Amino acid sequence: MKVMKFGGTSVGSAESILSVKKIVEASEEPVVVVVSALGGITDQLLNTSRQALAGEPRYIDAYNAMVSRHHQLIDAIIPDADKQVALLKTVDSLLDDLKSIYQGVFLIRDLSEKTANAIVSYGERLSACIVAAMMHGASFHNALDFIKTEKKNDVNTLVTTLTYDLVRKEFKHFRSIGNDRQSPRPIAVVPGFISTDNETGEITNLGRGGSDYTASIIAAALDATILEIWTDVDGFMTADPKVIKTAYTINELSYVEAMELCNFGAKVIYPPTIYPVCVKNIPIKVKNTFNPEHPGTLIKAKIENDDKPIKGISSIKGTSLITVTGLSMVGVIGVNRRIFTTLANKGISVFMVSQASSENSTSIGVRDEDAEAAREVLNAEFAKEIETGAMFPMQVESGLATIAIVGENMKQTPGIAGKLFGTLGRSGISVIACAQGASETNISFVVDGKFLRKSLNVLHDSFFLSEYKVLNIFICGIGTVGGMLLEQIRTQQQFLMQSRRLKLNVVGISDVDNFVLDRDGIDLDNYEKILRAGYPANTEHMRDEIVKMNIFNSVFVDCTASRQIAMLYQTFLEHNISVVAANKIAASSDYDSYLKLKQTARDKGVWFRYETNVGAGLPIIGTINDLCNSGDKILKIEAILSGTLNFIFNEIAADVPFSETVKRAKEQRYSEPDPRIDLSGTDVIRKLVILTREAGYKVEQDDVEKHLFVPNDYFEGSLDDFWKRLPELDADFEARRKVLEAENKRWRFVATMEADEQNPASFKTSVALKEVPYGHPFYGLEGSNNIVLLTTERYKEYPMLIQGYGAGAAVTAAGVFANIMSIANI
Ligand code: ADP
Ligand code: ASP
Ligand code: MG
């Protein structure tokens with residue numbers, strides 16, 4: 001025979017109860033069916049009793065709502081009129097009793113534990129009657145008659161031997177039927193959760209979620225072949241699927257692993273459930289009532305072919321840490337005994353203990369609701385020591401969360417703790433206390449409650465529990481580069497997920513008008529519409545919201561040219577958000593800020609990347625970094641770094657005047673949004689400054705010597721004025737161009753950094769329009785291409801040359817994309 005337990009959601013609606021019926025009736029063995037109250041009813045029963053206690057007459061409405069819910073359900077699942085009448089007789093009599101108890105509470109304004117337990121028992125009593133009535137050939141068995149408890153340390157505890165005997169008696173007939181296929185397969189229905197006190201006969205219960213335990217007790221007492229827990233998820237999962245979207249079903253778990261996970265909040269099984277069946281070596285299967293075809297999870301003694309060190313992560317919210325400290329504790333025997341005895345006598349359960357090896361402080365994890373009582377009893381216990389100053393009064397820190405990573409294979413795998421704490425550190429999460437049992441199947445630690453979600457996500461991700469790794473991306477600026485980047489991400493998303501197991505999750509998008517954030521990911525097919533419905537653009541608001549999201553593995557991508565946005569990097573890096581910038585302002589601004597950004601990224605274990613700041617997608621910054629890191633020294637940089645200017649000087653011709661080339665550069669989107677940034681040399685100066693810094697020299701923009709080709713006063717007025725005045729320069733350019741053509745030379749706007757070989761710390765930087773002769777490597781540089789010549793100690797006689805498209809949305813976006821991928825570390 002087997003025991004099947006159906007939880008609240010499984011019996012919560014007509015539709016789900018009909019699936020339950022199907023599942024149970026398909027069993028080839030006799031079945032004991034244990035049921036919870038209809039989903040949500042337990043909470044409603046308790047809330048309604050609180051209303052009655054407070055003298056709120058509307059408790060009656062809440063009661064009536066529960067009556068209708070049960071009536072409607074019966075109506076929907078028991079069409080047979082006679083059967084309905086018979087069932088309603090029992091159900092209504094229970095509901096009437098419940099009403100009388102509520103009336104009593106309302107009138108007397110008293111709600112003893114005894115009365116509250118009686119009230120809450122009605123949920124399971126009602127649901128079990130209904131389920132028994134609708135199953136073919138099922139009998140109802142009243143758990144109040146055979147599940148027995150006694151009060152121990154203020155807690156109702158199972159009286160095991162007696163209960164097992166009573167269960168065996170209750171199901172005597174049932175057991176003797178066996179599994180013979182010929183005989184009818186009987187179905188017994190039992191209300192879960194509820195019990196009675198062995199001495200007083202009063203109604204008690206096994207604790208919230210206790211129906212699982214009822215089922216386990218019955219399975220153990222009757223030596224069932226299997227205990228099946230039917231719930232609303234596809235089995236025991238790597239983490240709570242309501243919190244971790246990428247959690248997935250674990251095929252098999254050992255009893256020890258399941259127990260550890262449940263003890264730390266994996267609500268899918270009530271913790272005491274594992275022990276009775278584990279002792280009898282009865283396997284547990286966790287299955288989904290709403291997806292019965294899914295194989296679910298099998299829990300048993302030993303798992304074969306098990307290679308994962310970590311099986312799952314679970315957590316408990318609302319925990320407090322009580323720290324017992326005092327100098328006299330060092331080496332004193334018995335302090336721990338006193339702490340635990342005191343707490344146990346008060347019925348306070350401790351789920352984590354951490355003691356420093358100096359023994360002068362012990363931290364104890366308890367639930368928030370037990371914290372005050374724990375403080376009081378411990379202060380009383382150690383009153384003498386506190387008075388003499390040998391110990392300090394108890395310190396309580398509340399609003400914390402405790403997380404456990406669990407897996408039996410941890411024992412054989414070194415480095416798990418290192419990886420755990422390294423991952424948390426990189427995400428800016430500090431660990432308040434931690435503990436690892438000597439069995440090495442669990443490492444648990446305490447963090448500030450506001451970091452719970454992030455901790456779970458980041459650990460789930462880094463231990464490859466997830467089927468894929470997630471990178472959460474904020475994209476700021478939807479101009480040519482940002483728009484193209486979004487498009488590239490959209491088309492690559494599927495491929496990266498399948499072949500690299502990487503999920504690029506765009507969690508934020510902003511443009512000049514709006515910004516939108518969504519931790520579940522923005523649908524890139526519709527992002528424009530979604531963005532329009534977002535918040536109005538506001539840099540500070542956006543910064544605060546992003547920081548508040550506190551999302552793991554995240555990167556802020558700046559595709560704007562805005563100084564205001566560049567000012568946000570420092571905050572983001574400080575909050576462990578990596579930054580990828582197409583925007584050059586930060587890397588070329590004052591040297592100290594640039595250095596601080598790099599240092600912050602290093603300290604926080606995140607990235608600040610800006611490869612596209614120079615040469616769009618060309619590997620220039622990375623190459624200089626590689627050369628320097630390997631001990632080379634950059635002696636000279638000569639480069640054409642402006643795609644726009646190179647384009648202009650390649651386009652200029654007898655029939656294409658200078659002003660027209662500038663217009664074309666703008667139209668073809670090579671230039672900055674304001675082309676004066678290019679023509680004034682500012683863009684090239686910024687790039688040269690960045691390269692010089694990457695080469696290890698300290699330089700500011702003002703240090704760069706400038707030899708420009710557009711008079712300064714053209715940059716002073718408005719952009720409109722500039723466009724109007726620009727043709728004034730055409731004649732002069734044409735005259736000079738003719739001479740140049742005759743000499744077989746070309747204009748190139750060249751950026752140069754040259755170190756003084758005698759004194760390597762001293763160097764010069766300049767930008768200038770140069771006339772390069774035929775045969776020079778810069779002469780034939782086509783279109784908007786860029787070129788960089790690097791002379792180094794190792795590349796001296798023949799400098800290193802990097803050349804290619806230096807501007808354009810597609811290559812720049814691809815360069816940004818490459819930076820993002822390098823952060824994903826795939
Ligand atoms: P039931 O009413 O069937 O007893 P519960 O609500 O008590 O169901 O437990 C099922 C819920 O447990 C799931 O809906 C899920 O949100 C939560 N849960 C927490 N941790 C896990 C986990 N590791 N695997 C599966 N579910 C989990
Ligand atoms: N109905 C009870 C509760 O909600 C017991 C159970 O569902 O297991 O806690
Ligand atoms: Mg449950």
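How far does a polar side-chain atom of E124 lie from a nitrogen atom of ligand 2? I looked this up before anything else. The distance is 2.6 Å. I note here that the model is predicted.

**Entry: ligand 2**

The side chain of R208 has an N or O atom 2.6 Å from an oxygen atom of ligand 2.

Next I listed the surroundings. The residues around ligand 2 are S36, T42, E124, F193, R208, G209, G210 and S211. I sorted this shell by class and got 1 nonpolar, 5 polar and 2 charged residues.

**Entry: ligand 1**

How many residues surround ligand 1? I found 16, and the closest are T231, D232, M237, D240 and K242. By class, the shell of ligand 1 holds 7 nonpolar, 4 polar and 5 charged residues.

T231 makes one through its side chain, with an N or O atom at 2.8 Å. K267 also uses its side chain, where a polar atom lies 3.0 Å from a ligand oxygen. For G8 the contact comes from the backbone, with an N or O atom 3.1 Å from an oxygen atom of ligand 1. As for cover, ligand 1 taken alone exposes 570 Å², of which the protein buries 91%.

**Entry: helix α1 against helix α3**

I turned to helix packing. Helix α1 spans residues 14–25 and helix α3 spans residues 59–77. Their axes are 9 Å apart, and the packing angle is about 50°. I recorded α1 as oblique to α3 because of that angle. The handedness I noted for α1 passing α3 is right-handed.

**Entry: helix α17 against helix α31**

Which way does the crossing of α17 and α31 go, left-handed or right-handed? I started with the geometry. Helix α17 covers residues 480–499, and helix α31 covers residues 809–824. I have the two packing at about 55°, with 8 Å between their axes. That angle makes α17 oblique to α31. The crossing itself is right-handed.

Conventions: Residues are numbered from 1 along each chain as its sequence is written. Chains are lettered from A and ligands numbered from 1 in the order in which they are written. This is a predicted model: local features need pLDDT of at least 70, side-chain atom pairs count only at pLDDT 80 or more; totals for chains, interfaces and linings use all residues. Side-chain values use heavy atoms; hydrogens and water are left out. A residue is near a molecule or strand if one of its heavy atoms lies within 4 Å of it. A polar contact is a pair of N or O atoms within 3.5 Å; within protein, one must be able to donate a hydrogen and the other to accept it, and residues adjacent in sequence count only if both atoms are side-chain atoms. Ala, Val, Leu, Ile, Met, Phe, Trp, Tyr, Cys and Pro count as nonpolar, Asp, Glu, Lys and Arg as charged, and the others, Gly among them, as polar. Axes are lines fitted to C-alpha atoms, for helices over the stretch in contact, and angles run from 0 to 180 degrees between N-to-C directions. Helices (H or I, at least four residues) and strands (E, at least two) are DSSP runs, numbered from the N terminus. Angles under 35 degrees count as roughly parallel, over 145 as roughly antiparallel, 65 to 115 as roughly perpendicular and the rest as oblique. A crossing is left-handed if the near helix is turned anticlockwise from the far one by less than a right angle, and right-handed if clockwise. Accessible areas come from the Shrake-Rupley method with a 1.4 Å probe; for residues, only the protein chains shown count as cover.
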